[in-house]
Amino acid sequence: MPRTPPDITVPDLSGKRVVVTGASDGVGLGLATRLAAAGAELVLPVRNPRKGHAAIGRIADQIPGAQVSLRELDLSSLASVAALGQTLRDEGRPIHILINNAGVMDPPDRQTTADGFELQFGTNHLGHVALVAHLLPMLRAGHARVTSQISVAARAGTINWDDLNWERSYRPRRAYGQSKVAFGLFGLELDRRSRAGGWGITSNLSHPGVAPTNLLAAQPEMGRAQAAPQIRLIRTLSRWGVMGTVETALLPALYAATSPDARGGRLYGPDGFGNLSGAPAEQQFYRPLRSTEDAARIWRVSEELAKVSFTASEPRGGRRLPVVE
């Protein structure tokens, strides 16, 4: 007898402004659809406007009256991140939930961002670090919950401190793992610094397990003309229930970002075998995420590389946003 897929109840999000990166397809689109169904006002920053408009159409088909709008964002360009931050600051609206979901995975050859960083480190980690910094006034005003999507790859990942940009020896999977360890350390440090500084932001981590998403699909712009070989196995294991589906893979982030029981400074992922699929649950930190010294170090390095500072948290011009209780 087929098992009932896991699911969660999402609280009413009416009146809440929610920003989700990477929401034009896959897990991000699923997240956006569930959030829209709960009444949230969604802001979807996308790199590809055509895919973004198609995503809005799909959400509207399922959720009549959904409040969804697009903004431009290329996480591999710090100038683009800064421009989005300026746009949302100018709009002057508190942000209540930010889900840092977008990412790239395993370009076969080393590629760089517009700013010269290895593509995965620059996009998955530094781009999101800069985004949080630029949105900090709105996040503080909304007492926001920030959920950052990492990966099971962080379990065995390491920070290549001597060569963060993999200029001497590029290994796609190790570079991906590094980007997710760095991003996880940053998300945990964000929660610690928010509590210490009274920022009012709650920051936690999620991971989707493993599911047949587009992360490993053919992406010619990344030098991958065909889908990665392992995607066929993932699809098969997903059908057998060993690995997740897009619908179940989104649940940990959805839970971490919306549940009244989800807490800051925690990691949420699937509770099934190997944490590859299943219902969302709190999980122990992967060993590479346990060092507070590494977290403080990656915070400092990331501020320097991304050219941002978390000390200046008010919008330009000195206008303070209203704090929404």
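## Tour of a predicted model: salt bridges, sheet and helices

Start at E91, which has 31% relative accessibility and so counts as partly exposed. Bear in mind that this is a predicted model.

**Stop 1: R17 and E91.** The side chains of R17 and E91 form a salt bridge, with 2.7 Å from N to O. R17 sits in strand β1 (residues 17-20) and E91 in helix α3 (residues 78-91), so this pair ties together parts 74 residues apart in sequence. Now check the surroundings of R17. Is R17 buried or exposed? Its relative accessibility is 3%, so R17 counts as buried. The cut-off for buried is under 20%.

**Stop 2: E41 and R93.** Select these two side chains next. They form a salt bridge, and the closest N and O atoms are 2.5 Å apart. This pair links distant parts of the chain: E41 belongs to strand β2, while R93 lies in the loop between α3 and β4, 52 residues away. E41 has 14% relative accessibility and therefore counts as buried. R93, at a relative accessible area of 37%, is partly exposed.

**Stop 3: E282 and R266.** Move to this pair. Their side chains meet in a salt bridge, 3.2 Å from N to O. E282 is in strand β8 and R266 in the loop between α8 and β7, so the pair links parts of the chain 16 residues apart. E282 is partly exposed at 42%. R266 is also partly exposed, at 26%. Then select R17, E41, R71, E91 and R93 together: salt bridges with shared partners join them into one network. Across the whole structure, a search finds 12 salt bridges.

**Stop 4: the sheet.** Switch to a cartoon view. In what order do the eight strands run across the open sheet? The order is β3-β2-β1-β4-β5-β6-β7-β8, with mixed pairing. Colour β3 (67-72) and β8 (280-283): these are the edge strands, each pairing on one side only. From one strand to the next, the twist averages 25 degrees. Zoom in on β2 (residues 41-46). Strand β2 pairs with β3 in the parallel sense, over six bridges. Pick L42 there; its bridge partner in β3 is V68.

**Stop 5: helices on the sheet.** Show helix α5 (residues 172-197). It lies across β4 (97-100), β5 (145-149) and β6 (202-206), and runs at about 155 degrees to β6. Now show helix α8 (residues 251-258). Helix α8 lies across β4, β5, β6, β7 (267-270) and β8, at about 160 degrees to β5. Eight of its eight residues are buried, so α8 is largely enclosed by the rest of the structure. Among the buried residues are L251, P252, L254 and Y255.

**Stop 6: α4 against α5.** The crossing of α4 past α5 is right-handed. Which residues make the contact? On the α4 side, select Q120, F121, N124, H125, H128, V129 and V132. On the α5 side, select P172, A175, Y176, Q178, S179, K180, A182, F183, F186 and L190.

Technical notes
Residues numbered from 1 in each chain as written. Predicted model: local features only at pLDDT ≥ 70, side-chain atom pairs only at ≥ 80, totals over all residues. Heavy atoms only, no water. Pairing = 2+ DSSP bridges. Helix = DSSP H or I, 4+ residues; strand = E, 2+ residues; numbered from the N terminus. Axes fitted to C-alpha atoms, helices over the stretch in contact; angles between N-to-C directions. Contact = heavy atoms within 4.5 Å. Salt bridge = Lys/Arg side-chain N within 4 Å of Asp/Glu carboxyl O. Buried < 20%, exposed > 50% of the residue type's maximum accessible area, 1.4 Å probe, protein only. Left-handed = near helix turned anticlockwise from the far one by under 90°.
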